[in-house]
Amino acid sequence: MSESKALHGQFLIWLGAAISIAEIMTGMLLAPLGFSKGLLAILMGHLIGCGLFLLPAGYIGAKKHQTAIQSTKSTFGSTGVILFSLINLVQLIGWTAVMIVNAISAMNGVSSSLFNFKNSIIMGIIMAILIIIWLLVDVSHLYQINLVIVSLLVIGSIIMIFLIFKTPISHTPNLTTMTFGSAVELNITMALSWLPLIGDYTKSTTRPIAMSAISSMGYFIGSFIMFTIGLFLTTRTGYTDFTSFLVTSGLGIIALFIIIFSTVTTTFLDVLSATINIQNIHPFKNMKLISPVIVVLGLIIAWIVPIDNYQTFLYFIASVFTPLYAIVFVSYFVMKQSLPYWLNIFWWLVGIFAYYQLQPFDFILGTTIVLLIGLSLFVYLSQFILPKRYLKKIR
C-alpha cells in the first residue's frame, strides 16, 4: 500500500473509531450547560485531548516504530511496559464491554419497535460475531471495506442531524448539574481513552508527522461531530436516552445499521490493541486466535456486569494515562533524557493521586491539563537535582 493510501486509510480508521454511540451519549451529558457553552466545551476539550495528547503520542509511536505502550520503555523500563500493558488491557476489555452493552440496548430498542423482538443474548452474539469477522478480514481488503462502511456511517450521521432538526423543540429536562470545567474534562478523557492505542496504528510509517496528524484529525472530526449530535439532541428535543430517539426517529433499518457498524468500527480497534498488549506481556505466535477470546470476554462482562458508572470509568482512564504520558512527553520532547525508572514510577503514582485531589477544584480547562503541566514541571526539575550518572539519554 502506498504511503498516501496508508494515510487515507488511517484517517478513515480514526474517523470510524469516533463514530459511536458512546461518543453521542457523552455529548448528551453536557446538555445542562446549554448548547452554546456545551459546544465551546466540546471544542476546547477536543483541541486539548487531540492536540496535546493524541498527536504527540502518535508521533512517538511513528518515529520510534513502536506500539503505544512499548514507547514507554525508555522512561519506565521493561517492567513498566508489562505493568502498563496490563492496565491498558483491563481498560480495553472494559471498553469492549461498554460498546457491546450500548449496542445491545440500542439494538433491542430499535428491533422491538420494528419487529417486536427483543433479546439481549442474541443481540450480543450478533455483535460479537460481526466484530470477530472484522478482526479476521485480510488487511488488504480492510481498506476498501472500511471506506464503504465509514462513508455510510457519515451519511447516517447526516440523516440523524436532519431528523433532530425535524423533531419538535422541547425544553431540556432537569438534569444533574455540570460545570464548564467538568464538561471540558469529559471531552479530554474520551480522547485520552485512545492515548495508549494510537501508537499501535502509527508505528509502520516513514512519515511520522503526517501519520500522527492525520490520525488525530480523523478522530477529532468524527468525535467532535458525535459529541455535538448528542448535545444538540438533548438541548433541542429533551431526549436523554439515545435509544429512545432512534426508536421514534423513523430511521428503521438505517438505525440498526448505524448501531451495529459504528460499534464494530470502534470496538475493532479496542480488541486489536488488547491483543497487542497481550503480546507485550507474553508473545504468542498466532495473535488472531487471541482476538476472539477478548471479544467473548467483553461480551460476557456486558451480559453480567452492570455498567452504570460511565463517567467514573472515563476519569479512571484519565487518572492513569495522563501522568504516564506527561512523563513520557516531557522526557522525550523536552529533556531528551529519562529519570531513573523507579523515580518515574514514583512521579506516575503521585500523578494518579494528584488527579483525584485536583478534581474538586473544577479548573475551567479541566483537571487533565493542570496535571499535565504541573507534573511535567516536577519531572523536568528533578533532572537538575539528581547526579548526571542517574540520567539516561533517550534515542
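**Exercises on a predicted model**

Skip the neighbours within four places in sequence, and Thr26 is in contact (heavy atoms within 4.5 Å) with Leu186, Met190, Phe227, Tyr310 and Leu314. Before you start: this is a predicted model, where local features need pLDDT of at least 70, side-chain atom pairs count only at pLDDT 80 or more, and totals for chains, interfaces and linings use all residues. Residues are numbered from 1 along each chain as its sequence is written, and side-chain values use heavy atoms, with hydrogens and water left out.

**Exercise 1.** Work out which residues of helix 5 are buried, and where they point.

*Solution.* 
- Helix 5 covers residues 120-136.
- Its buried residues are Met123, Gly124, Met127, Ala128, Ile131, Ile132, Trp134 and Leu135.
- Looking down the axis of helix 5, these buried residues fall within an arc of 165°, so they line one face of the helix. The arc uses directions from the helix axis to the C-beta atoms.

**Exercise 2.** Find out where Asn116 lies and what its phi is.

*Solution.* 
- Look in the loop between helix 4 and helix 5 for Asn116.
- Phi of Asn116 is near 55°, a positive value in a residue other than glycine.
- Most residues other than glycine have a negative phi.
- Asn116 counts as exposed, because its relative accessibility is 68%.

Key
Helices (H or I, at least four residues) and strands (E, at least two) are DSSP runs, numbered from the N terminus. The expected span of a helix is 1.5 Å times one less than its number of residues. Buried means under 20% relative accessible area, exposed over 50%, partly exposed in between (1.4 Å probe, protein chains only).
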